[in-house]
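Subject: Model handover

Hi,

Here is the structure I promised to pass on. Please have it open while you read, as my notes follow below.

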Amino acid sequence: MKKTIPSLVLSLLLAAAAIASGGIPPVNVVVSDKGGKAAYKGATNTSGAFATSKLQPGNYVVQFNSSSADLKGKQYAIVVSAGSKKVSANVAGDKFAGGGVAMKVDVGAGLNITGQVAAQTGPTSKGGKKMVWIPKQLGSNVAGHWVEEDSAEAIAAKNAGVLSTQDVNRMQEKMSNPSDGR
């Protein structure tokens with residue numbers, strides 16, 4: 001149950017982001033098994049979501065691509081899940097056309113793969129650069145704070161393992177939805 005609630009919250013946040021941004025153009029989705037055989041071919045719906053039918057247990061690759069010019073120049077969050085197994089990534093829209101985006105997910109017995117592509121709505125600086133959250137460090141009197149993603153402080157935090165992609169995603173969602181009480 002504990003694993004289901006964060007997945008549900010993340011799915012709802014991505015759905016809200018997709019609705020708020022007016023949706024995204026369809027993105028082609030191909031799910032292949034470890035032998036490269038296509039188990040699913042389709043496209044995301046108007047809210048950026050897709051779902052396969054139940055699949056055989058095993059490792060699968062989920063590929064996303066699109067030639068839509070509307071995706072270029074924007075940032076997107078992608079979440080793919082099979083039961084409690086979840087994979088997420090933040091990608092530039094240009095990558096969908098430039099070879100696509102691929103993610104691996106492990107599927108258990110009797111499960112399907114669901115996923116969503118949503119426009120990213122995290123905080124940006126005045127110059128339009130993406131911001132990341134640096135959490136308060138143990139033993140420091142400096143509170144958690146936002147810095148530009150390519151700043152020396154952000155790079156040092158990533159290299160030291162202080163800042164993970166999941167931390168960034170959670171904080172950006174929290175800042176984008178300050179009234180959700182988290």
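To start with the rings: how many aromatic pairs does the structure hold? There are three, where rings of Phe, Tyr and Trp (its six-membered ring) pair if their centres lie within 6.5 Å, and planes under 30 degrees apart count as stacked, over 60 as edge-to-face and the rest as tilted. One of them joins Phe50 and Phe64 edge-to-face, with 5.9 Å from centre to centre and 70° between the planes.

A word on what you are holding. This is a predicted model, in which local features need pLDDT of at least 70, side-chain atom pairs count only at pLDDT 80 or more, and totals for chains, interfaces and linings use all residues. Residues are numbered from 1 along each chain as its sequence is written, and side-chain values use heavy atoms, with hydrogens and water left out. The average pLDDT (the predictor's confidence in each residue, from 0 to 100) is 78 for the protein, and 70% of the residues score at least 70. Over residues 12-21 pLDDT stays under 50, and the model has 15 contacts beyond four places in sequence for that stretch; contact means heavy atoms within 4.5 Å. Where pLDDT is low, the predicted coordinates should not be read in detail.

Now the sheets. Strands (E, at least two residues) and helices (H or I, at least four) are DSSP runs, numbered from the N terminus, and two strands pair if DSSP finds at least two bridges between them.

- E1 and E2 (residues 38-43) are antiparallel over five bridges, and Val30 stands opposite Lys41 in E2. Their hairpin has four residues between the strands, and Gly36 takes a positive phi near 90° there.
- E1 and E4 are antiparallel over six bridges, with Val31 opposite Val62 in E4.
- E4 and E7 run antiparallel and are joined by seven bridges; Tyr60 has Val105 in E7 as its bridge partner.

The other open sheet to look at also has four strands, in the order E3-E8-E5-E6, and its pairing is antiparallel. Strand E3 (49-51) and E6 stand at the edges with a single partner strand each, so one side of each is left without a neighbour in the sheet. Neighbouring strands of this sheet are turned by 10° against each other on average, direction ignored. E3 and E8 are joined by three bridges and run antiparallel, with Thr114 in E8 as the bridge partner of Ala51.

What about the inside? A nonpolar core is a set of buried Ala, Val, Leu, Ile, Met, Phe, Trp, Tyr and Cys residues joined through side-chain atoms within 4.5 Å. The largest one has 25 residues, and Val31, Val62, Phe64, Ile78, Phe96 and Ile113 have the most contacts inside it. Among the strands that each supply at least two residues of this core are E1 (28-33), E4 (58-65) and E5 (75-82). Apart from neighbours within four places in sequence, Ile78 is in contact with residues including Phe64, Val87, Phe96, Met103 and Val117.

Ser66, in the loop between E4 and E5, counts as buried because its relative accessibility is 7%. Gly83, in the loop between E5 and E6, is partly exposed, with a relative accessible area of 49%. Not counting residues up to four places away in sequence, Gly83 touches Leu111 and Asn112.

Happy exploring!

Technical notes
Buried means under 20% relative accessible area, exposed over 50%, partly exposed in between (1.4 Å probe, protein chains only). Axes are lines fitted to C-alpha atoms, for helices over the stretch in contact, and angles run from 0 to 180 degrees between N-to-C directions.
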